[in-house]
Amino acid sequence: MSSDVTEFADEVISQMNKSITDKIFLLIQNDKTLMHKYLRLVEEHKLHPVNMQIGKRIKEKYDLTNEERNENPESTLIESHQRFI
C-alpha cells in the first residue's frame, strides 16, 4: 500500500485517539442498557473512581499515550478527559 494512504490512515486514527474517551462516554450516555449499568456502578463506587477506571482501561486497551486534557467534552457524563496520541 502507498505511504500516502498509510499516512492518511495514521492521521485519522490519531484524530480518533484524541476523542476516544469522549466517544466511549457518549456511547454509554446514548445506550439505555449501558447507561443503566454505568449508573449502578456510580451508585456503588462513586462517579470519579468509575470514570477514572474507564479512562484508564481505554488507555490500556488501545495502548495509548497521554497528550493534553480536553476540558470541553461532548459527553455530559464527564467534565474533562485525557486526550491520547
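When I say buried, I mean under 20% relative accessible area; exposed is over 50%, and partly exposed is in between, with a 1.4 Å probe and protein chains only.

Okay, some ground rules. What you're looking at is a predicted model, so local features need pLDDT of at least 70, side-chain atom pairs count only at pLDDT 80 or more, and totals for chains, interfaces and linings use all residues. Residues are numbered from 1 along each chain as its sequence is written, and side-chain values use heavy atoms, with hydrogens and water left out.

Confidence next. pLDDT is the predictor's confidence in each residue, from 0 to 100. The protein chain has a mean of 94, and 99% of its residues reach 70 or more. Helices and strands here are DSSP runs, numbered from the N terminus: H or I with at least four residues for helices, E with at least two for strands.

Let's go to the inside. A nonpolar core, for us, is a set of buried Ala, Val, Leu, Ile, Met, Phe, Trp, Tyr and Cys residues joined through side-chain atoms within 4.5 Å. The largest one has 8 residues: Phe25, Ile28, Met35, Tyr38, Val42, Val50, Leu77 and Ile78. Two elements give two or more residues to this core, α1 (3–30) and α2 (32–45), and α2 supplies the largest share, 3 residues. In soluble globular proteins, nonpolar side chains do tend to be buried together.

Pick Ile28 from that set. Which residues does Ile28 touch, if you skip anything up to four places away in sequence? Those are Leu34, Met35, Tyr38, Ile54 and Leu77, where contact means heavy atoms within 4.5 Å.

Staying with α1: this helix bends by about 60° at Ser19. The bend is the angle between axes fitted to the seven residues ending there and the seven starting there. Its buried residues are Asn17, Ile20, Thr21, Asp22, Phe25, Leu26 and Ile28, and they pack against α2, α3 (47–61) and β2.

Here's one I like: Ser75. You'll find Ser75 in the loop between β1 (66–70) and β2. Buried or exposed? At 2% relative accessibility, Ser75 counts as buried. Leaving aside neighbours within four places in sequence, Ser75 is in contact with Asp22, Phe25, Leu26 and Gln29. With Gln29 there's a side chain to side chain polar contact at 2.9 Å. By polar contact I mean a pair of N or O atoms within 3.5 Å; within protein, one must be able to donate a hydrogen and the other to accept it, and residues adjacent in sequence count only if both atoms are side-chain atoms.

Now charges. A salt bridge needs a side-chain nitrogen of Lys or Arg within 4 Å of a carboxyl oxygen of Asp or Glu. How many turn up in the whole structure? The search finds 4. One of them is Lys23 with Glu74, closest N and O atoms 3.7 Å apart. Lys23 sits in helix α1 and Glu74 in the loop between β1 and β2, so the pair ties together parts that are 51 residues apart in sequence. Lys23 is partly exposed at 34%, while Glu74, at 55%, counts as exposed.

Then there's a network of salt bridges linking Glu67, Glu68 and Arg83. Glu68 and Arg83 meet at 3.1 Å, N to O; Glu68 is in strand β1 and Arg83 in strand β2, so that pair ties together parts 15 residues apart in sequence. Glu67 and Arg83 have their closest N and O atoms 3.9 Å apart. As for accessibility, Glu67 is partly exposed at 29%, Glu68 is partly exposed at 37%, and Arg83 is partly exposed at 22%.

Most residues other than glycine have a negative phi, and most peptide bonds are trans. Lys46, though, has a positive phi near 80°. Lys46 belongs to the loop between α2 and α3 and is exposed at 55%. Leu41, over in helix α2, touches Lys46 as well as Val50, again not counting residues up to four places away. And back to Asp63: its phi is positive too, about 50°, and its place is in the loop between α3 and β1.
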